[in-house]
Structure formats: C-alpha cells, structure tokens
Amino acid sequence: MRYAPALAASALVSSASAATNYLGFNSGATKADRTAKFQEDFEAEFKTAQGLEGAPGTFNAVRLYTNIQAYSDSDPISAFEAAINTKTYMLLGIWTSGTTSIDKELTALTTAITKYGSDFTDLVIGMSIGSEDLYRISVTGIANDPTGVGNSPANIVNFINDYKKAVAGTALSSVPIGHVDTWDVWGNASNKAVLDAVDWVGVDEYPYYENGKGNTIKNAGNLFDTAYNNVVNTVGGKPVWVTETGWPVTGPDWDQAVPSAENAKYYWDEIGCRKLFNKVNTFWYNLRDSNPDNKAKFAITTNLSTTPNFNLTCPTTFDTVDTTSSASPSATSSSGSSAATGVSATTSLNPSGTSAAASSTTTKPNAAPSVAMLSTAGYAIIGLMVGAFALL
C-alpha cells in the first residue's frame, strides 16, 4: 500500500467527526498466550468486529493501550497498518504506568505519522495519556493489588505536555486528548490537575466487580448509571467516553455477580443498548480475551467468529429505569486539550491493554492482559499484563 508522505500539518481533527459516537472494543499488544500480536492478528480482530451478526451499529473503532509493537523497543504497533487496511478508527493510548518517560511511545507515534501520513492520522479519533494509573496508586487500587504500578497526577500532566510538544505541527495536534481511569478517580480533588489538562474523560466501569453493593445482574444497570452519572456530574461538562465495560461469560462468581452468556447478554442490553450504543463513545470489553491471568472471561466471540456468543440485537424495552445526569455525556471533541497545569491523578494499565475498573468500595482482580508497550526485555521477563482487566 502506498502512504502519503508525512506530517501533514492540518489543524483539523483527523477525520473523526465531532458529532460521531464511535463503537469499538479494546485491543492489547499481546494474545492470551502472551505472544505478540502482529498485523494479521489485528486485522482479524477488526474484520470480525465490523462483521458481527446482529450488532446494533458498526463496531469500526478500537482502543489501543500503546503505540509500541510488542517485542520491539520503539517500533510502531502493527495495529496501525491493520487499521488503515480495514478503515478502523483508533483511540490511541500511551502507556504511562511505572515510568518517568514516554519518549519511546512518542518515537513510535511520530514514526507512524511520518511513515503513513494522513492514511493513519485521519483514523485517529483521540489520544489517551495513561490508563488507570490513578486507580493503581489509590487506597483501593493498592488494597486490590499491592504489586500494581500506577503514576502520579503530576507525571500524567507532564506526559500530556510532552505529547503535545511531540505532535505540534502534525495532523494529530488537534486530536482530543484524554485520560482513562476508574469512575471513582474523577471525583478525587487530588486528581483535578489531570481533569483540567484533558479534553475528554475516559471511564472504566464494571458492576460485576462492585461487591458489597448488590451486584446482581438485575442491578447492574443501576450500578452502572450511578457510577457514570457521578463522573458526568463531576467533570464540568467535558465529554465522557466509556472506555471499558462488560460482563463475563465464564469465570468465578464475584459476590452476587454470576458470569454466564445469558447475563452477558442482559448486561449488553441494559447498559450497551439502553445507555451507550450510538449515544456515547463506547469501547466494550471485549471482543476476545487476551489476559491469561484473569479467570473471568469477557469475550463476546469465540475464535473471532462473527457469530457472537450471545444475541447482540438490542431489545425495544428495558428493565432499568433510565436516570439522567446534569451534564452532557459524550460527543467527540475536536479542539486540542487545554493547557495542562497543576497536579492531577490518573491511573494507567499495562501496555498489553487490559484493565479492570473498580469503585472505591470495589475489590477487583488484577485482570490486566499483557501490555504491548513494553520493551523486548520487559516481555522476556513477563508476558506483560495490563491493569485491572480491560483489553483483549
């Protein structure tokens, strides 16, 4: 394929319309056996997502956790070329947990801008600086996983500024910048600097893990609404993107939550169909499982079949009584992020792309799949896994 020569310094938001609400899944850099994903692996995922039978819209977007190809030091992740070939929109991610520098992430990204030009940048709908970093350093995050490594609000803000400098004068300079974290992080005043520095807010929320709150499947819609509306009412009118949510098809019971295909279907209907799809930028967890350390399995397909594990067709009526928040929830912002000043807190996941959102009273497993933003040496040491349980 021929690519337009680099750095088209357009001040326009890469072809992502501000009025569009995107549908997609999460995708880490490695597979369930901790081996690297390559272009053909990503293309298979993206084609399945776009061809899902009964889907309530076209799932032609993907959330990535890193710009770096697994097993490489700073090469662009092969998901970029796969997205170009399948016309898949991308919510890009820079892995920031446990680091003081994102230089290798920025090298991979700027290399991709130069190599692929507008074929790449026109598909970028947003950039997330970090994933669940603030959750991991919170009291709840440490209690749930004492070995988890996050990052401070001050560092996240510095990384946002580093990213802005790196893409200045390129087509990505006006792409909206966000940070992804668990819902309870955004109401913490110590994280305000991060909130002030971003254009949009990413929320990971799993009622399955909300133990002690009556987390039956029938109450999942109410638990989700409470968390989501809390964020919307906290972030001062900034768009809220749902970057991870889902219900496991198999796995252990979690307090009153029971995994099953039937319950995963109910959750899809009550949260996805009722509240999110075609209303809010949504990245479901997940198309396929990639985290061998999480016993709960969330994949809506088996072996990337376009025939899902449960019916994706949306019903016309719902059990959950819809509640509204006082602020407008979604919509892709087209302006560059505001000046990053002060200190804030954000949580991030491992580069492989999996996280698990938790509330301040939720206990969750470290279900993060291996992350693709580690170096070759890092991969050799462990087959990376991402924070709380996101990515497949």
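Which residues is Phe120 in contact with, leaving aside its neighbours within four places in sequence? Contact here means heavy atoms within 4.5 Å. By that rule, Phe120 touches Phe80, Ile84, Met90, Leu92, Leu109, Ala112, Ile113 and Leu172, again leaving aside its neighbours within four places in sequence.

This is a predicted model, in which local features need pLDDT of at least 70, side-chain atom pairs count only at pLDDT 80 or more, and totals for chains, interfaces and linings use all residues. Residues are numbered from 1 along each chain as its sequence is written, and side-chain values use heavy atoms, with hydrogens and water left out.

## Overall make-up

The protein has eleven helices and eight strands. Helices (H or I, at least four residues) and strands (E, at least two) are DSSP runs, numbered from the N terminus. Of the 392 residues in the protein, 61% are buried. Buried means under 20% relative accessible area, exposed means over 50%, and partly exposed is in between, with a 1.4 Å probe and protein chains only. Among contacts in the protein with a separation of 6 or more, 78% are between residues 24 or more positions apart.

## Confidence

The predictor's confidence in each residue is its pLDDT, from 0 to 100. The protein averages a pLDDT of 84, and 78% of the residues score at least 70. Over residues 333–349 pLDDT stays under 50, and the model has 112 contacts beyond four places in sequence for them. Over residues 353–392 pLDDT also stays under 50, with 245 such contacts in the model.

## Nonpolar cores

In soluble globular proteins, nonpolar side chains tend to be buried together. A nonpolar core is a set of buried Ala, Val, Leu, Ile, Met, Phe, Trp, Tyr and Cys residues joined through side-chain atoms within 4.5 Å. The largest one in this protein holds 88 residues, of which Met90, Phe120 and Tyr163 touch the most other members. Helix 10 (residues 261–276) gives the most to this core, with seven residues. A second, separate core has eight residues, including Ala61, Val180, Trp200 and Trp241.

Helix 10 is also the place of Asn263. Is Asn263 buried or exposed? Asn263 counts as buried, because its relative accessibility is 13%. Leaving aside neighbours within four places in sequence, Asn263 is in contact with Ile217, Trp247 and Val258.

## Two helix pairs

Two packed helices are described by the angle between their axes and the distance between the axes. Axes are lines fitted to C-alpha atoms, for helices over the stretch in contact, and angles run from 0 to 180 degrees between N-to-C directions. Angles under 35 degrees count as roughly parallel, over 145 as roughly antiparallel, 65 to 115 as roughly perpendicular and the rest as oblique.

| Helix pair | Angle | Axis distance |
|---|---|---|
| Helix 1 (residues 39–50) and helix 2 | about 40° | 8 Å |
| Helix 3 (residues 103–116) and helix 7 (residues 153–167) | about 25° | 10 Å |

Helix 3 is therefore roughly parallel to helix 7. Their contact is made by Leu106, Leu109, Thr110 and Ile113 of helix 3 and Asp162, Tyr163, Ala166 and Val167 of helix 7.

Helix 1 and helix 2, by their angle, are oblique to each other. On the helix 1 side, Gln39, Phe42, Glu43, Phe46, Lys47 and Gln50 take part, and they meet Ala79, Glu81, Ala82, Ala83, Asn85 and Thr86 in helix 2. Phe46 is 43 residues from Tyr89 along the chain, and their C-alpha atoms are separated by 9.9 Å. Tyr89 lies in strand 3 and counts as partly exposed, at 21% relative accessibility.

## Backbone exceptions

Most residues other than glycine have a negative phi, and most peptide bonds are trans. Lys87, which is not a glycine, has a positive phi of about 55°. Lys87 is in the loop between helix 2 and strand 3 (89–94), and counts as exposed at 62% relative accessibility. Asn278, also not a glycine, has a positive phi of about 65°. The loop between helix 10 and strand 8 holds Asn278, which is partly exposed with a relative accessible area of 47%.

Which residues does a cis peptide bond join? The bond joins Tyr285 and Asn286, with omega about 0°. Asn286 lies in the loop between strand 8 (282–284) and helix 11.
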